Amino acid sequence: MAMMLLNKNATVTICHSRTTNLQEHIKNADILVGAVGVPRLIQKDWIKDGAVVIDAGYHPAEKCGDIELEDIDSIASAHTPVPGGVGPMTINTLILNTLLAAQKLI
């Protein structure tokens with residue numbers, strides 16, 4: 001995702017769970033992609049008004065993602081749900097890549 005955004009001349013900041021001042025980085029993001037692997041690590045009050053929020057995490061035991069999404073519609077201009085957001089697209093992409101790889105072997 002970061003490389004795709006960079007290819008479109010976006011300014012990209014990559015953070016992780018131990019990034020110093022994580023909240024401040026998130027507060028400045030116009031597009032936020034959460035893929036940390038920590039349930040609800042990113043709090044909704046950290047998110048900039050009008051940001052696009054993409055939560056790529058899923059934690060089956062808690063049935064949640066990496067971003068606190070309760071009442072997110074009051075903050076974000078758009079968001080992916082958890083579950084059912086990016087997961088189906090990930091599966092489709094994996095299937096497509098498997099088919100393309102198989103075609104190259106034939």
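Guide: Start with glutamate 68, which is buried but forms no salt bridge; lysine 44, the nearest side chain of opposite charge, is 4.9 Å away. Buried means under 20% relative accessible area, exposed means over 50%, and partly exposed is in between, all with a 1.4 Å probe and protein chains only. A salt bridge requires a side-chain nitrogen of Lys or Arg within 4 Å of a carboxyl oxygen of Asp or Glu. For charge, Lys and Arg count as positive and Asp and Glu as negative, while His and the chain ends are not counted.

The model is predicted, and local features need pLDDT of at least 70, side-chain atom pairs count only at pLDDT 80 or more, and totals for chains, interfaces and linings use all residues. Residues are numbered from 1 along each chain as its sequence is written, and side-chain values use heavy atoms, with hydrogens and water left out.

Glutamate 68 sits in the loop between strand 2 (52-55) and strand 3 (78-79). Helices (H or I, at least four residues) and strands (E, at least two) are DSSP runs numbered from the N terminus. The side chain of glutamate 68 has a polar atom 3.0 Å from the backbone nitrogen of lysine 44. This is a polar contact, a pair of N or O atoms within 3.5 Å; within protein, one must be able to donate a hydrogen and the other to accept it, and residues adjacent in sequence count only if both atoms are side-chain atoms. Apart from neighbours within four places in sequence, glutamate 68 is in contact (heavy atoms within 4.5 Å) with Arg40, Ile42, Gln43 and Lys44.

Side chains of opposite charge can pair when their charged atoms come close. By the rule above, the count is 4 salt bridges. Arginine 40 is joined to glutamate 62 by one, at 3.1 Å from N to O. This pair links distant parts of the chain, 22 residues apart: arginine 40 is in the loop between strand 1 and strand 2, and glutamate 62 is in the loop between strand 2 and strand 3. Arginine 40 is partly exposed, with a relative accessible area of 30%, and glutamate 62 is partly exposed at 41%.

Lysine 44 makes a salt bridge with aspartate 71, with the closest N and O atoms 3.8 Å apart. Lysine 44 is in the loop between strand 1 and strand 2 and aspartate 71 is in the loop between strand 2 and strand 3, so the pair ties together parts 27 residues apart in sequence. Lysine 44 is partly exposed at 21% relative accessible area, whereas aspartate 71 is exposed at 60%. Salt bridges with shared partners also join Arg40, Glu62 and Glu70 into one network.

Another salt bridge pairs lysine 48 with aspartate 30, the closest N and O atoms being 2.6 Å apart. That pair also links distant parts of the chain, 18 residues apart: lysine 48 is in the loop between strand 1 (31-34) and strand 2, and aspartate 30 is in the loop between helix 2 (22-27) and strand 1. Lysine 48 is partly exposed, with a relative accessible area of 29%.

Next come two other buried residues. Glycine 57 lies in the loop between strand 2 and strand 3 and is buried at 11% relative accessible area. The C-alpha atom of glycine 57 is 6.0 Å from that of glycine 37, which is 20 residues away along the chain. Neighbours within four places aside, glycine 57 is in contact with Gly34, Cys64, Gly65, Asp66 and Val82.

Threonine 80 is in the loop between strand 3 and helix 3 (87-105) and is buried at 16% relative accessible area. The threonine 80 side chain reaches the backbone nitrogen of aspartate 55 at 2.9 Å. Beyond four places in sequence, the contacts of threonine 80 are Val53, Ile54, Asp55, Leu69, Gly85 and Val86.

Finally, the whole chain. The chain has 3 helices and 3 strands, in the order α-α-β-β-β-α along the sequence. Of the 106 residues in the chain, 25% are buried. The C-alpha trace spans about 50 × 35 × 25 Å along its principal axes. Among contacts with a separation of 6 or more, 44% are between residues 24 or more positions apart.
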